[in-house]
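Hello,

Here is the structure I promised to pass on. Have a look at it, and my notes follow below.

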Amino acid sequence: MPIQQLKEFLDGANVEYMCLTHPPAFTAQQLAHHVKIAGDKVVKTVIIELDGKMAMLVMPATWRVRWESLSRILDTDFVDLADEQEFQDRFPDCEVGAMPPFGSLFGMTVYCAEPLTEQPELAFAAGSHTETLHMKTRDFLNLVQPIVLNRGFIKPGAQKPAWLKKGRRQPGETSEQLVSGMIG
């Protein structure tokens, strides 16, 4: 059972936590619904490829990645969503899409969206689509020691920048001109 390794890790660190069993949840938003907590307190674990290496990105379930901004803040030319086929073997005993946000257990660097650090408690998939673990945010941060990022994410309801809105490109304007206009 996937949760067992995580429980042993947390017990060994003398961390308090609570584990809940619920109907299957295949997205972090569904998980939030099943355990009846706000989506910004549920951790979404996203596996990214960063310059050819896998890394873990954790953020509130309601937030999205801003890939261009994330690439700039991480000072890399290449950051992308990892292919499930390529990383599923790195998470033995975990169901795909239910990886807990403990990169050290899987040999991965963890990048964390700053808004998560401001929550008193967090909830996340514990290796299966039917088990959720709740714990204090300060304990999570002490154990994981993620690299906290204050940019690279967008919260729900935020408006797209003008340059991303449909129909904003001027007639005859090329993508290159649009990009150089954003940079300069």
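How many disulfides does the count come to? Zero, taking a disulfide as a pair of cysteine sulfur atoms within 2.5 Å. As for cysteines, C94 is buried at 14% relative accessibility, and C112 is buried at 1%. Here buried means under 20% relative accessible area, exposed over 50% and partly exposed in between, with a 1.4 Å probe and protein chains only.

Please keep in mind that this is a predicted model, where local features need pLDDT of at least 70, side-chain atom pairs count only at pLDDT 80 or more, and totals for chains, interfaces and linings use all residues. Residues are numbered from 1 along each chain as its sequence is written, and side-chain values use heavy atoms, leaving out hydrogens and water.

Now to the aromatic rings. The structure holds six aromatic pairs, where rings of Phe, Tyr and Trp (its six-membered ring) pair if their centres lie within 6.5 Å; planes under 30 degrees apart count as stacked, over 60 as edge-to-face and the rest as tilted. One of them joins F91 and F106: the centres are 4.5 Å apart and the planes stand at 50 degrees, so this pair is tilted. Both F91 and F106 are buried.

Another pair is F102 with F140, edge-to-face because the planes are at 85 degrees, with centres 5.6 Å apart. F102 is buried at 0% relative accessibility, and F140 is buried with a relative accessible area of 0%. Ring pairs also link F9, F102, F124 and F140 into a cluster.

Best wishes
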